[in-house]
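Here is a short briefing on one structure. Look it over first, then read the points below.

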Amino acid sequence: MRRYGKNPDEDDIRVRPNRKGNRPRTNIRPKHEDASEGFVLTVDRGRLHVLVEDRTIIAMKARELGRKGAVVGDRVAVVGDLSGAKDTLARIVRVEERSSVLRRTADDDDPYERVVVANADQLAIVTALADPEPRPRLIDRCLVAAYDAGLEPLLVLTKSDLASPDKLLESYGALGVPYVVTSREELAAGAAAERVRERLTDRVTAFVGHSGVGKTTLVNALVERQRATGHVNAVTGRGRHTTTSALALPLPGDTGWVIDTPGVRSFGLHHVDPSRVILAFPDLVPGTEGCPRACSHDEPDCALDQWVTDGHADPQRLYSLRRLLATRERREGD
């Protein structure tokens, strides 16, 4: 074997030929500074529908993104054929920093997080007052997820012609969550959509709710578009999943965005950090300064009890906080 010195001539160095005939690998990746900005509308079997300027294109994730994926609501950088013509395919080369991320897990013991939407400002929690019956535990879980993600919650109560909303609204009064109550007649006449639309102006709002509560019907009325809707099973009292993927839809006049998500039957909170939930209760945050380290805010030494006793906050606010923090310890049907 020939040995080379410290300063061999170029003629002394043998270069192993590349059998595949392609270029050698490199860790230097292109910056794609000329990439166009896009907004992810929906994801369908690995293909992403992206709004670029005034047209919708089909794109796939570039290999260089690795495991990082794009979801509905993401702002992305796109290269390739951006014409939107049939059978064309672009590439997403960058996912921009997200302002918010709404996540959920299958259940509280599942460590795998599922990103529902990105960059939303508001979470509209849609629930029927009857047919199917409201599920307060599911509402609580959605509220916790909203607070954890930094989204403003909005309660949308449907089918008020079948049952009164008073009892349900009373249980959330201390939280100060804004709400809209609608009936089937109002929805058919368009009045319900108009009142809800007032809460959505200049915002990106994700809609979540149990199957059969009328979520997609309401979204159809808001955006003047028709997605498939289902019905409630008379035997089980459960709705049928008709929305199978999240879809971002513009409000008329480009006044905001609505993201319709598939109906949920559970909302796991394994990913939630309880210390972030209290940030949605600014009147209680100062009272935590005297709490012991890693306080759960629901234990004998919690300083919030004295804070409320001294009159710094409404006792119902503390009760509401602890009710939400306990949602991971209770089944949604309890």
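Which side chain meets that of Glu 152 in a salt bridge? Arg 203 does, at 3.1 Å from N to O. A salt bridge here is a side-chain nitrogen of Lys or Arg within 4 Å of a carboxyl oxygen of Asp or Glu. This is a predicted model: local features need pLDDT of at least 70, side-chain atom pairs count only at pLDDT 80 or more, and totals for chains, interfaces and linings use all residues. Residues are numbered from 1 along each chain as its sequence is written, and side-chain values use heavy atoms, with hydrogens and water left out.

- Strand β8 covers residues 122-128. Helices (H or I, at least four residues) and strands (E, at least two) are DSSP runs, numbered from the N terminus.
- Seven of the seven residues of β8 are buried. Buried means under 20% relative accessible area, exposed means over 50%, and partly exposed lies in between (1.4 Å probe, protein chains only).
- Both faces of β8 are covered. One side holds Gln 122, Ala 124, Val 126 and Ala 128. The other holds Leu 123, Ile 125 and Thr 127.
- β8 runs parallel to strand β9 (residues 152-158), and seven bridges join them. Two strands pair if DSSP finds at least two bridges between them.
- Within this pairing, Leu 123 stands opposite Pro 153 in β9.
- β8 also pairs with strand β11 (residues 204-209), in the parallel sense and over five bridges. Here Ala 124 stands opposite Phe 207.
- β8, helix α1 (residues 136-149) and β9 make a right-handed β-α-β unit. Right-handed means that, with the strands pointing away from the viewer, the path from the first strand over the helix to the second runs clockwise.

**Thr 127 in β8**

- Thr 127 has its place in strand β8. Its relative accessible area is 7%, so Thr 127 is buried.
- Setting aside neighbours within four places in sequence, Thr 127 is in contact with residues including Pro 134, Arg 135, Ile 139 and Val 213. Val 156, Leu 157 and Thr 158 are also among its contacts. Contact means heavy atoms within 4.5 Å.

**Helix α5**

- Helix α5 spans residues 215-223. Seven of its nine residues are buried, so α5 is largely enclosed by the rest of the structure.
- Among the buried residues of α5 are Leu 218, Val 219, Leu 222 and Val 223. Lys 215 is buried too.
- Glu 224 follows α5 and has a positive phi, near 60°.

**Aromatic rings**

- The whole structure has two aromatic pairs. Rings of Phe, Tyr and Trp (its six-membered ring) pair if their centres lie within 6.5 Å; planes under 30 degrees apart count as stacked, over 60 as edge-to-face and the rest as tilted.
- Phe 39 and Trp 257 form a tilted pair, 4.8 Å centre to centre with 45° between the planes. This pair links strand β1 (residues 36-44) to strand β13 (residues 257-260), and its residues are 218 apart.
- Phe 39 counts as buried, at 11% relative accessibility.
- Tyr 147 and Phe 281 form an edge-to-face pair, 6.1 Å centre to centre with 65° between the planes. Tyr 147 lies in helix α1 and Phe 281 in the loop between α6 (274-277) and α7 (304-309), so the pair ties together parts 134 residues apart in sequence.
- Tyr 147 is buried at 12% relative accessibility. Phe 281 is buried at 0%.

**Salt bridges**

- The structure holds 19 salt bridges.
- Side chains of opposite charge can pair when their charged atoms come close.
- The bridge between Glu 152 and Arg 203 comes back here. Glu 152 lies in β9 and Arg 203 in the loop between α4 (191-197) and β11, so the pair ties together parts 51 residues apart in sequence.
- Glu 152 is partly exposed, with a relative accessible area of 44%. Arg 203 is partly exposed at 26% relative accessibility.
- Arg 322 forms a salt bridge with Asp 298, with the closest N and O atoms 3.9 Å apart. This pair links helix α8 (residues 315-325) to the loop between α6 and α7, 24 residues apart.
- Arg 322 is buried, with a relative accessible area of 16%.
- Glu 53, Asp 54 and Arg 55 are linked in a network of salt bridges.
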